Amino acid sequence: MTTTTTAVEQAAAIVRDYFGGPIRTLLEWVGPVARLIGEAEAAGPLTRARLDPMIEPHALRTLDLPDAPVYGAGFIAAIDLLADARSHLAWWQGADRKQLVLASQSVNKENIDYSELEWYRIPMSTGEPHVAGPYVDYLCSDEYTITIAVPALVGGRFVGVAGLDLLVSEVERELTPRFAALGHQVTLTNGVGRVVVSTDPRCATGDTVRGGRLADLPRIACDTVALDVIVEES
């Protein structure tokens, strides 16, 4: 069995490696997409029909990441960016890799407001990538989800976020055995102390560590990923 200190370091490294790849992938294509958006705006009103073809090849490539179980990927336009819709998700997901059409969009698409959702709001305000969740994603999957989002900027102006979804059930399936191999109880939490994944059967996804026995244990930040690990003796 590793020492607790070593286990903390290894658990944090597992988290950085696991989420770092998807973040890097989004960072690779958000810049080129932002440039295309800027060029499209200069040529005339930007519409859904013009935006979606810019996003589709990047979204489909992101769905094919070999080291992460990506469920959905695409681009969420800034509110009022487009000429023909107040809001818009250029998003592809699922095993069939089809573009998402929200039921709530079919009648009144322009009224969807995601401006206060964590995965949109924090990258917009910080200018940095963000890992949001776990939360039940009522827009896309209706399942417990983690969304990774990075902001897109045109001349310093926020135009939306490139993002991807990971289903918590798949993340749990992949990370739990890696954590368990460290020989300690490992709990992965988000920035506000909600459980993402844990090898401790007493901890369920979405539980808060505040006020519980884990509250007194150190929460170690995983560099470059807005997540923390708590490691205790088994």
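Biologist: Which helix and which strand each supply at least two residues of the lining of the largest pocket, and which element gives the most?

Modeller: In this predicted model, helix H4 (118-126) and strand E4 (130-136) each supply at least two lining residues of the largest pocket. About 290 Å³ of space lies in that pocket, and the residues closest to its centre are Glu118, Trp119, Ala132, Gly133 and Tyr135. The element that gives the most to the lining, with seven residues, is E4.

Biologist: How many residues of the lining of the largest pocket are nonpolar?

Modeller: The lining of the largest pocket consists of 17 residues. Four of these are polar and two are charged, and the number of nonpolar residues is 11.

Biologist: Is Ile76 buried or exposed?

Modeller: Ile76 lies in strand E1 (residues 70-77). Beyond its neighbours within four places in sequence, Ile76 is in contact with several residues, including Trp91, Trp119, Tyr120 and Val161. Its relative accessibility is 4%, and buried means under 20%. Ile76 therefore counts as buried.

Biologist: Which strands stand at the edges of the open sheet, each with a single partner strand?

Modeller: The open sheet has four strands in the order E8-E7-E10-E9, with antiparallel pairing. One side of strand E8 (195-198) and one side of strand E9 (220-221) are left without a neighbour in the sheet, because each has a single partner strand; the edge strands are E8 and E9.

Biologist: What is the bridge partner of Ala221 in E10?

Modeller: E9 is joined to strand E10 (residues 227-233) by two bridges, and the two strands run antiparallel. In E10, the residue bridged to Ala221 is Asp228.

Methods
Residues numbered from 1 in each chain as written. Predicted model: local features only at pLDDT ≥ 70, side-chain atom pairs only at ≥ 80, totals over all residues. Heavy atoms only, no water. Pairing = 2+ DSSP bridges. Buried < 20%, exposed > 50% of the residue type's maximum accessible area, 1.4 Å probe, protein only. Contact = heavy atoms within 4.5 Å. 1 Å grid on protein atoms, 1.4 Å probe; cavity = no way out; pocket = protein on both sides within 12 Å on 5 of 7 lines; lining within 4 Å. Points joined across faces, edges and corners; volume = space filled by probe spheres on them. Nonpolar A, V, L, I, M, F, W, Y, C, P; charged D, E, K, R; others polar.
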